[in-house]
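Please read them beside the sequence and the coordinates.

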Amino acid sequence: MGVASASKQKGPRFDENYRVSWGQDHVKSSIQGREVQISLDKDTGNHNELDFEFLGNRQGKPYLVQTNVFVNGKGDREQRVRLWFDPTAAFHGYSILWNQHQVV
């Protein structure tokens, strides 16, 4: 795809759906804001985060959700949960409750 055809892309710009809350100097956009490049270094990497990932599924196998909690860059709290339903069958809402003592 050349520059001319890329500039004709339709759809929202990154800043229409997302807000950079820190590290603005590590985010660069191009193609009228429709592509974003993020650079990480030792100062801007994700030190605290909650991971919530649906793992791939083979037909007939249970769906899995993998979670992890990173605090000060250290994880080691990984868990896998077998889902009792097909998460692709319909829209589902998920919630995370957290405080200084626990993540639920």
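1. The largest pocket is lined by 18 residues, of which Phe52, Thr67, Ile96, Val103 and Val104 lie nearest its centre. The search runs on a 1 Å grid over the protein atoms alone: a pocket is an open set of points with protein on both sides within 12 Å along at least five of seven lines, where a cavity would be a set in which a 1.4 Å probe fits but cannot get out, and lining residues have an atom within 4 Å of a point.

2. The model is predicted, so local features need pLDDT of at least 70 and side-chain atom pairs count only at pLDDT 80 or more, while totals for chains, interfaces and linings use all residues. Residues are numbered from 1 along each chain as its sequence is written, and side-chain values use heavy atoms, with hydrogens and water left out.

3. Strands (E, at least two residues) and helices (H or I, at least four) are DSSP runs, numbered from the N terminus.

4. The volume of the largest pocket is about 440 Å³; a volume here is the space filled by probe spheres set on the grid points, which are joined across faces, edges and corners. By class, its lining has 12 nonpolar, four polar and two charged residues. Ala, Val, Leu, Ile, Met, Phe, Trp, Tyr, Cys and Pro count as nonpolar, Asp, Glu, Lys and Arg as charged, and the others, Gly among them, as polar.

5. The second largest pocket has a volume of about 250 Å³. Its lining has 14 residues, and Val20, Ser21, Trp22, Val27 and Ile38 lie nearest the centre. By class, this lining divides into seven nonpolar, six polar and one charged.

6. Ile38, one of the residues nearest the centre of the second largest pocket, sits in strand E2 (residues 35-38). Is Ile38 buried or exposed? Its relative accessibility is 58%, so Ile38 counts as exposed (buried means under 20% relative accessible area, exposed over 50%, partly exposed in between, with a 1.4 Å probe and protein chains only). Leaving aside neighbours within four places in sequence, Ile38 is in contact (heavy atoms within 4.5 Å) with His26 and Val27. Ile38 and Lys28 are 10 residues apart in sequence and 6.6 Å apart in space, C-alpha to C-alpha.

7. Five aromatic pairs are found in the whole structure. Rings of Phe, Tyr and Trp (its six-membered ring) pair if their centres lie within 6.5 Å; planes under 30 degrees apart count as stacked, over 60 as edge-to-face and the rest as tilted. Phe14 and Tyr18 are stacked, at 5.1 Å centre to centre and 25 degrees between the planes. Phe14 is partly exposed at 27% relative accessible area, whereas Tyr18 counts as exposed at 55%.

8. Phe54 and Tyr94 have ring centres 5.6 Å apart and planes at 65 degrees, so this pair is edge-to-face. The pair links distant parts of the chain, with Phe54 in strand E3 and Tyr94 in the segment after E5, 40 residues apart. Phe54 is partly exposed at 40% relative accessibility, and Tyr94 is partly exposed with a relative accessible area of 40%. Phe52, Phe54 and Tyr94 form one aromatic cluster.

9. Asp76 is found in the loop between E4 and E5. Its phi is positive, about 65 degrees, although Asp76 is not a glycine. Asp76 is exposed, with a relative accessible area of 65%.
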